[in-house]
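Here is my note for you, written as numbered points. Keep the model open beside it and look up each residue as you go.

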Amino acid sequence: MTQEEFYNTIIEIANKIFLIREYSYQRRGCKFDPRRPDLMLSPCEKDRVVALEEQAQQVLSTFSETQ
């Protein structure tokens, strides 16, 4: 994996996590609060965020091993 592919993958995962958190606030008619991003998450959204964070950790460890 090249460094550019690594960056693109991490950014893609981070964007997915942000969109899930932002949608959870919008669904309830609230403005997104970056200080408490997980406040409005439903249990299934929390599971998706955790899975995406684990995926990001795997990508990071894979990239670290190849360097």
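1. Let's begin with Arg35, which forms a salt bridge with Asp33, the closest N and O atoms being 3.2 Å apart. A salt bridge here is a side-chain nitrogen of Lys or Arg within 4 Å of a carboxyl oxygen of Asp or Glu. Arg35 is exposed, with a relative accessible area of 74%, whereas Asp33 counts as buried at 15%. For these words, buried means under 20% relative accessible area, exposed means over 50%, and partly exposed lies in between (1.4 Å probe, protein chains only).

2. A word on what you are looking at: this is a predicted model, where local features need pLDDT of at least 70 and side-chain atom pairs count only at pLDDT 80 or more, while totals for chains, interfaces and linings use all residues. Residues are numbered from 1 along each chain as its sequence is written, and side-chain values use heavy atoms, with hydrogens and water left out.

3. How many salt bridges does the structure hold? There are five. One of them joins Asp38 to Arg21, with 2.7 Å between the closest N and O atoms. Asp38 lies in the loop between H1 and H2 and Arg21 in helix H1, so this pair ties together parts that are 17 residues apart in sequence. Helices are DSSP runs (H or I, at least four residues), numbered from the N terminus. Asp38 is partly exposed at 36% relative accessible area, while Arg21 is buried at 15%. Salt bridges also link Arg21, Asp38 and Glu53 in a network.

4. Next, please find Arg27 and Glu45, whose side chains meet in a salt bridge (2.6 Å, N to O). This pair links distant parts of the chain, with Arg27 in helix H1 and Glu45 in helix H2, 18 residues apart.

5. Now follow helix H2, residues 43-66. H2 has 24 residues and reaches 35 Å from its first C-alpha to its last, close to the 34 Å expected at 1.5 Å a residue. The expected span is 1.5 Å times one less than the number of residues. Glu45 is among the buried residues of H2, together with Val49, Leu52, Ala56, Val59 and Phe63. What covers these buried residues includes helix H1 (3-27).

6. Phe63 brings us to the aromatic rings. A search of the whole structure finds four aromatic pairs. Rings of Phe, Tyr and Trp (its six-membered ring) pair if their centres lie within 6.5 Å; planes under 30 degrees apart count as stacked, over 60 as edge-to-face and the rest as tilted. The rings of Phe6 and Phe63 have their centres 4.2 Å apart and their planes at 10°, so they are stacked. Phe6 lies in helix H1 and Phe63 in helix H2, so the pair ties together parts that are 57 residues apart in sequence. Both Phe6 and Phe63 are buried. Ring pairs link Phe6, Tyr7 and Phe63 into a cluster.

7. Finally, compare that pair with Tyr25 and Phe32. Their ring centres are 5.3 Å apart and their planes lie at 80°, so this pair is edge-to-face. Tyr25 counts as buried at 2% relative accessibility, and Phe32 counts as partly exposed at 21%.

Methods. Helix = DSSP H or I, 4+ residues; strand = E, 2+ residues; numbered from the N terminus. Contact = heavy atoms within 4.5 Å.
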